[in-house]
Each structure stands twice: as structure tokens, then as C-alpha cells.
Amino acid sequence: IMADLNLNGRIKVKTLKAEFKKNWNATLRVYKGKQFADDEATLASIRTGDAKGGELKVNGNMKVGNFEEKVKEIFGVTVQVANSDDTKLSNNDITISAAGRE
């Protein structure tokens, strides 16, 4: 069963990455600027630009590109979805759960 993931600004980077992996077996890369974000940081603490804030409900049927855009829009954080062993970035047009099967 694919669970939904509820994101808010208080979630830690490492928790988000772990939950993402557990739910969909895909790898989530989280950035602060051009660097990878600190695992102990919260999403709110690494935001850039005009994040509108709030919550995001993510499910495995969401397209990779839509998910990446929404995280940027709501949290002001750049993320990229990669395949399960983190060797390649996922195509924006596939679903998150499909990304975990690549």
C-alpha cells in the first residue's frame, strides 16, 4: 500500500528522505542552494526565496516534476527525485512510485 506523506516546514531533511525512500523506494535529493542540505536541518530553515509555506500531501501517483515544483513553491526548497540506488535522476513525467522501480 502506498502511503501518503504529509510535509510541513518542521520536517527534518533526513526524516523526509527516509520517509520518501520507505514509501516509494525512490531517493530524494534535498538541496540548500547548490549543496546538499544538512540532514539535521528542517525544511523551513533551508528555504530560499518566496516560499508560501503550508503543507503538502504527497502520494505515489504524483508526477516527479509536479512534486519537485510544489516543494519549491510551498517550502522554497529544491529537491530532485532519483531512482532507488541514487544513480540517476528520474524523468519529470513519471510518477514518484515509478521512480522507485527504476
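The model is a predicted one, in which local features need pLDDT of at least 70 and side-chain atom pairs count only at pLDDT 80 or more, while totals for chains, interfaces and linings use all residues. Residues are numbered from 1 along each chain as its sequence is written, and side-chain values use heavy atoms, with hydrogens and water left out.

The protein chain holds 3 helices and 5 strands, where helices (H or I, at least four residues) and strands (E, at least two) are DSSP runs numbered from the N terminus. Along the sequence these elements follow the pattern β-α-β-β-β-α-β-α. The radius of gyration, taken over C-alpha atoms, is 12 Å, close to the 13 Å that the globule rule (2.2 Å times the number of residues to the power 0.38) gives for 102 residues, so the chain is as compact as a globular protein of that length. Along the principal axes, the C-alpha atoms fill a box of roughly 30 × 25 × 20 Å. Of the contacts (heavy atoms within 4.5 Å) between residues at least 6 apart in sequence, 62% join residues at least 24 apart.

In the open sheet, 3 strands are arranged in the order 3-2-5 with antiparallel pairing, two strands being paired if DSSP finds at least two bridges between them. Strand 3 (35-36) and strand 5 are the edge strands, each of which pairs on one side only. Strand 2 and strand 5 are joined in the antiparallel sense over 5 bridges, and L28 stands opposite V81 in strand 5. Helix 1 packs on this sheet, where it touches strand 2 and strand 5, and its direction makes about 160 degrees with that of strand 2; such angles run from 0 to 180 degrees between N-to-C directions, with axes fitted to C-alpha atoms, for helices over the stretch in contact.

Helix 2 also lies across strand 2 and strand 5, and runs at about 160 degrees to strand 5. Its 12 residues reach 16 Å from the first C-alpha to the last, close to the 16 Å expected at 1.5 Å a residue, the expected span being 1.5 Å times one less than the number of residues. The buried residues of helix 2 are V64, G65, F67, E68, V71, I74 and F75, where buried means under 20% relative accessible area, exposed over 50% and partly exposed in between (1.4 Å probe, protein chains only). The elements that cover them include strand 1, helix 1, strand 2, strand 4, strand 5 and helix 3.

Leaving aside residues up to four places away in sequence, V30 touches V13, L16, K17, Q35, F36, A37, I46, V77, T78 and V79.

Two loop residues deserve a separate look. Most residues other than glycine have a negative phi. N25, in the loop between helix 1 and strand 2, has a positive phi of about 60 degrees although it is not a glycine, and it is partly exposed, with a relative accessible area of 37%. D86, in the loop between strand 5 and helix 3, has a positive phi near 60 degrees and is partly exposed, with a relative accessible area of 36%.
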